[in-house]
Amino acid sequence: MIKDPHATAAALLPLVGGPANVTSVAHCMTRLRLGLADRSRVDDEALRAVPGVLGVVEDGASYQVVLGPGVVGRVTTAFETLLAAGRIGTADDRADGDGRNGDGEDGGKTAGADDASAAPAVTPAADTAVDTTADTADALARRGAELKARQKARNATPLKTVLRRVADIFVPLIPALIGCGIVAGIAGLLTNLRWLPGLTPALTALSSAFMALIAVFVGHNTAREFGGTPVLGGAVAAVVVYPGVAKVTAFGTALAPGQGGVLGALAAAVLGTYVEKWCRARLPGTLDVLLTPTLTVLVSGLLTLYVLMYAAGEVATAIGTAADWLLTTTGALAGLILGGLFLPLVMLGLHQALIPIHTTLIEQQGHTVLLPVLAMAGAGQVGAAAAVYVRLRHDTSLRTTIRSALPAGLLGVGEPLIYGVSLPLGRPFLTACVGGAAGGAFVGLFAMLGTEVGATAIGPSGWALFPLLAGGGWAVTAGVYGGGLLTGYAVGFLATYFFGLPDGAGRPVCDPEKHEPRPADRPGPRPASPR
């Protein structure tokens, strides 16, 4: 756990190339997301070694440092403060003409380089006492980095670029979704228990206000992401939730406030951005100030009312109907497929397409029934990592990695286990998917039997999702979800223990006391085999 976010931020900044190498800073639920000018200046191994860093992920458009929920916000704030101070210092140094470059380098050499050059060299003899198993975690980390690099090349497609942009629109909304979801859960609990009847209406208002206006926030973020004016995107999207649209008729049907939801707001803001760019490219400066905002709101607003709201409403209704049918009719099979395929979807970057679907379901029904099923993939990952820990009992370096990453995995932060353990090893990644499939099938089976398990917000997973559960009574819902987690843990563990590792895995590759190879592995003539 990170105790001093400022110390962590101070450790991270030079390892990503210094202030001059950082072009943008943002964060999501668990990751510090950095835009970098020169990727080659990042020290990946040193970053992974920083206390509190759970892993690093490269997603093409950004370099991401996994820090965990709750911590990442504080570290990001401290990082931005240090970044601003570093840039001011760089500007002052350049103004003084002291010969140093933008990274505080002097004569082409950093202070860290000077320290490194002054450090005594380590002789080969000093390394002979090191356990050879200590290299295993480094080897797995390198293999994980290679896999991520190959995956990055595959992810450089127009579809996945669009999905990343969609994620950048919705991810900043997750903290509000979580907060309002928990407040909604508290209000529902008080209502069921008939406690504090004077307070529950206030809690309901607090939890519902953001969802009532979420279209405005989606429009604002969409315009910013696509290069438009954020407030114009919000203004165009606001028409989706304006009560007065009930007086507007489209395709012979009166519109309803909120029809189309976040999908309509997303489409409206994208349209508004293109209208705005078209106007700014053609209107002179004196007219641009007046006509561009007017035409953006007018043209995109009318098209939203008479086309987009109706079309997006039909799509949103179809999504809700399909999700309900999927789990109530084919629940066990659907849960098995969704829980088993979610980890590969994360690898391919396709899971980002689920964010607007989750948000649409929450907006329509008050919760998403898909998230608890997909969360079972993390349970399978935890079970697989536990099996690796038990089987490879002589691999101290890998066991240390698992011990540090397992608590985060239990709370739904799976990247350190995926990229540090199961994916580099190969087969444990597949057996983790088997565990996720089993947990998803468990939750889906109860959905078929009439016990719906939903989540009032997106973002948390694992045990962190319990406060956000909704459905047929919290106790029953929590029991089903907890049973799914335990099923995922157990099946992921057993599948990995018996099938996820090659025969002979777990045997020491050296004498643990003397740090010497086993006699059969030592160089020199081998004993003759019996005839």
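Figure 1. Arg 165 has a relative accessibility of 28%, so it counts as partly exposed. Buried means under 20% relative accessible area, exposed means over 50%, and partly exposed lies in between (1.4 Å probe, protein chains only). The model is predicted: local features need pLDDT of at least 70, side-chain atom pairs count only at pLDDT 80 or more, and totals for chains, interfaces and linings use all residues. Residues are numbered from 1 along each chain as its sequence is written, and side-chain values use heavy atoms, with hydrogens and water left out. Arg 165 forms a salt bridge with Glu 225, and their closest N and O atoms are 3.6 Å apart. Distant parts of the chain are linked by this pair, since Arg 165 is in helix 6 (residues 158-170) and Glu 225 in helix 9 (residues 214-225), 60 residues apart. Glu 225 is also partly exposed, at 25% relative accessibility. A salt bridge is a side-chain nitrogen of Lys or Arg within 4 Å of a carboxyl oxygen of Asp or Glu. Helices (H or I, at least four residues) and strands (E, at least two) are DSSP runs, numbered from the N terminus.

**Figure 2. A salt bridge joins Arg 48 and Glu 45 within helix 2.** The structure holds five salt bridges. In this one, the side chains of Arg 48 and Glu 45 meet at 3.4 Å, N to O. Both residues lie in helix 2 (residues 44-49), three residues apart, which is about one turn of the helix. Arg 48 is partly exposed at 24% relative accessibility, and Glu 45 is partly exposed at 39%.

**Figure 3. Glu 276, Arg 280 and Asp 288 belong to one salt-bridge network.** The closest N and O atoms of Arg 280 and Glu 276 are 3.0 Å apart, in a salt bridge. Both residues lie in helix 11 (residues 261-282), four residues apart, about one turn of the helix. Arg 280 counts as partly exposed, at 38% relative accessibility, whereas Glu 276 is buried, with a relative accessible area of 4%. Salt bridges that share partners join these two residues and Asp 288 into the network.

**Figure 4. Phe 251 and Tyr 310 form a tilted aromatic pair.** Seven aromatic pairs are present in the structure. Here the ring centres are 4.8 Å apart and the planes are at 35°. The pair links distant parts of the chain: Phe 251 is in the loop between strand 5 (249-250) and strand 6 (253-254), while Tyr 310 is in helix 12 (residues 285-348), 59 residues apart. Rings of Phe, Tyr and Trp (its six-membered ring) pair if their centres lie within 6.5 Å; planes under 30 degrees apart count as stacked, over 60 as edge-to-face and the rest as tilted. Phe 251 is exposed at 58% relative accessibility, and Tyr 310 is partly exposed at 28%.

**Figure 5. Trp 463 and Phe 466 form a stacked pair.** The ring centres of Trp 463 and Phe 466 are 5.0 Å apart and their planes are at 25°, so the pair counts as stacked. Trp 463 is partly exposed, at 36% relative accessibility, but Phe 466 is buried, at 12%. Ring pairs link Trp 463, Phe 466 and Tyr 481 into a cluster.

**Figure 6. Charged side chains sit over the rings of Tyr 274 and Tyr 497.** Lys 277 lies over the face of Tyr 274, 6.0 Å from the ring centre. Over the ring of Tyr 497 sits the charged end of Arg 391, 5.4 Å from the centre. A charge sits over a ring if NZ of Lys or CZ of Arg is within 6 Å of the ring centre and within 35 degrees of the ring normal.

**Figure 7. Thr 477 is a buried residue in helix 19.** Helix 19 covers residues 474-499. The relative accessible area of Thr 477 is 0%. Leaving aside neighbours within four places in sequence, Thr 477 is in contact (heavy atoms within 4.5 Å) with Glu 452, Val 453, Gly 454, Leu 469, Ala 470, Gly 471 and Gly 472.

Figure 8. Met 448 is partly exposed, with a relative accessible area of 38%. The C-alpha atoms of Met 448 and Leu 326 are separated by 9.3 Å, although the residues are 122 apart along the chain.
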